[in-house]
Amino acid sequence: MSGAGQPVVHIVDDDDAVRDSLRFLLECHGMSVRTFASASDFLAASDQWQGGCLVIDLHLPVVGGLDLLQVLSERKPALPIIFITGGSDQKMKVRAFDAGAVAFLEKPVSEEPLLAAIRYALAVGREMASRAGAQSTLTTTGGHPGSSPF
């Protein structure tokens, strides 16, 4: 169910069943989805990133969810991040939000809170992409805020 230019929900979770069930749910709601079994797999596919959002399991093996968020903050893709986790404490939630997460959900994740978080993240992603495009236009046209390239 992938349309040209349609935002993609990227899912990074080491649990096959979680990845498959999230893919099924989101595709049933008309969303385009890509899944990855690890942070390394996701990072290796960086040429395929496009507008959308990222749903990450907080407790990934090798490179954890917060570590992935740190790597992404250095690369600055316009991908808002939703963390999902089977167990955490308040300190982990604070760290995730401080690092830039837009949502933090506990497993098992209920359908409506997940869909609401993804819709919010996609809206944030569109805004981020819009700002990046406006900044690019300002840079390439020599413009400045308030000017028009036309």
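I began with C28, which is exposed at a relative accessible area of 52%; exposed means over 50%, buried under 20% and partly exposed in between, with a 1.4 Å probe and protein chains only. This is a predicted model, in which local features need pLDDT of at least 70 and side-chain atom pairs count only at pLDDT 80 or more, while totals for chains, interfaces and linings use all residues. Residues are numbered from 1 along each chain as its sequence is written, and side-chain values use heavy atoms, with hydrogens and water left out.

*Cysteines.* Next I looked up C53, which is buried, with a relative accessible area of 0%. I found zero disulfides in the structure, a disulfide being a pair of cysteine sulfur atoms within 2.5 Å.

*Strand β1.* I then turned to β1, residues 8–12; helices (H or I, at least four residues) and strands (E, at least two) are DSSP runs, numbered from the N terminus. Five of the five residues of β1 are buried.

V12 has F36 as its bridge partner in β2. β1 also pairs in the parallel sense with β3, again over five bridges, and there V9 stands opposite C53.

Beyond its neighbours within four places in sequence, I listed its contacts (heavy atoms within 4.5 Å): L26, M31, S32, V33, R34, C53, V55 and I118. The C-alpha atoms of V9 and L26 are 8.3 Å apart, although 17 residues separate the two along the chain.

*Cores.* What touches the most other members in the largest nonpolar core? F42, L72 and F83 do, among 22 residues; such a core is a set of buried Ala, Val, Leu, Ile, Met, Phe, Trp, Tyr and Cys residues joined through side-chain atoms within 4.5 Å. The largest share, four residues, comes from α3. Apart from this core lies another, of 20 residues, including L25, V33, C53 and V55.

*Helix α3.* Here I found G65, L66, L68, L69 and L72 buried. They lie on the same side of α3 because they cover an arc of only 150° around the axis, taken from the directions from the helix axis to the C-beta atoms. The buried residues of α3 pack against α2, β3, β4 and α4.

Conventions: Two strands pair if DSSP finds at least two bridges between them.
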